[in-house]
Amino acid sequence: MQKLGVDIDAELLSLALTHRSYAYENGGIPHNERLEFLGDSVLGQATTVLLYTRNPTLDEGELAKRRASVVSTVALAESARRIGLGEFIKLGRGEENTGGRDKDSILADTTEAIIGATYLSRGQDVATTLVHSIVEPLLADPERYGAAMDPKTSLQEIAAALGEPAPSYEITASGPDHDRRFTATVTVGHVTTTGEGTSKKTSEMAAALAAWRVLSKRD
């Protein structure tokens, strides 16, 4: 994929970009969830080694905290937006009509699937290099890194600094019990943003990060 600087097998790349909603609407063709499973493992291993080797003075607890933040759904979605990944994802009509190209969960899952496809196409070394290109911009940008790690606190801090009222959240749920989806709406003064997730917490984090980006005027 040109924007990633990686030459991925065309068939695997197409599979990595195929969301299950598109697959179901097109006769149950294969989708990217198996590649996502593989990519999640590659992402975790490469990120762990990177943090361990670059931070010799950090203890296990701090390393684990940083790893969790940079491989989180919110952080991966940030990285996906940075390269415009959403425009390439194959989505079903329902997801397309509800803004699926900018949903944190879909962007993060697709990123992991692309990592998995890279591993199968080019091997571990190239996949590790790709992971580094994804997580290093966050690590090199302390302000954005902090926001991705704890977006609700970061939003509260920037709201206070701008003289805005404290953020207020509203959450709605949809879908069956086995596939529950949550949508959080956060309002800070004149700014209102939404976020989605598989839990109330992740949906609030996604909404808070979106509001933080608006208030901090970050892309």
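Biologist: What pattern does the protein follow along the sequence?

Modeller: This is a predicted model, in which local features need pLDDT of at least 70 and side-chain atom pairs count only at pLDDT 80 or more, while totals for chains, interfaces and linings use all residues. Residues are numbered from 1 along each chain as its sequence is written, and side-chain values use heavy atoms, with hydrogens and water left out. Helices (H or I, at least four residues) and strands (E, at least two) are DSSP runs, numbered from the N terminus. The protein has 11 helices and 3 strands, and their order reads α-α-α-α-α-α-α-α-α-α-β-β-β-α.

Biologist: What radius of gyration does the protein have for its 219 residues?

Modeller: The radius of gyration is taken over C-alpha atoms, and the globule rule is 2.2 Å times the number of residues to the power 0.38. For 219 residues the rule gives 17 Å, and the value for the protein is close to that, so the protein is as compact as a globular protein of that length; its radius of gyration is 18 Å.

Biologist: What percentage of the residues of the protein count as buried?

Modeller: Buried means under 20% relative accessible area, exposed over 50%, and partly exposed in between (1.4 Å probe, protein chains only). Of the 219 residues, the share that counts as buried is 43%.

Biologist: Is R34 buried or exposed?

Modeller: R34 lies in helix α3. Its relative accessible area is 74%. With the cut-off for exposed at over 50%, R34 is exposed.

Biologist: Which residues of α8 are buried?

Modeller: An α-helix has 3.6 residues a turn, so residues three or four places apart point the same way. In α8 the buried residues are A127, T128, L130, V131, I134, V135 and L138.

Biologist: Which element gives the most to the lining of the largest pocket?

Modeller: On a 1 Å grid over the protein atoms alone, a cavity is a set of points where a 1.4 Å probe fits but cannot get out; a pocket is an open set with protein on both sides within 12 Å along at least five of seven lines, and lining residues have an atom within 4 Å of a point. The largest pocket is lined by 25 residues, of which R20, S105, D109, R181 and T198 lie nearest its centre. Elements that each supply at least two lining residues include α2, α3, β2 and α11. The most, 4 residues, comes from α7.

Biologist: What volume does the largest pocket have, and how does its lining divide by class?

Modeller: A volume is the space filled by probe spheres set on the points, with grid points joined across faces, edges and corners. For the largest pocket that is about 640 Å³. Ala, Val, Leu, Ile, Met, Phe, Trp, Tyr, Cys and Pro count as nonpolar, Asp, Glu, Lys and Arg as charged, and the others, Gly among them, as polar. The lining divides into 4 nonpolar, 12 polar and 9 charged.

Biologist: Which residues lie closest to the centre of the second largest pocket?

Modeller: The second largest pocket has a volume of about 180 Å³. Of the 13 residues that line this pocket, the closest to its centre are D102, K103, T194, G195 and E196.

Biologist: Which element gives the largest share of the lining of the largest cavity?

Modeller: A search of the whole structure finds 1 cavity of 30 Å³ or more, and the largest cavity has a volume of about 60 Å³. Its lining has 7 nonpolar, 2 polar and no charged residues, with I134 of the α8 bend among them. The largest share, 3 residues, comes from α5.

Methods:
Bend = angle between axes of the 7 residues up to and from the residue.
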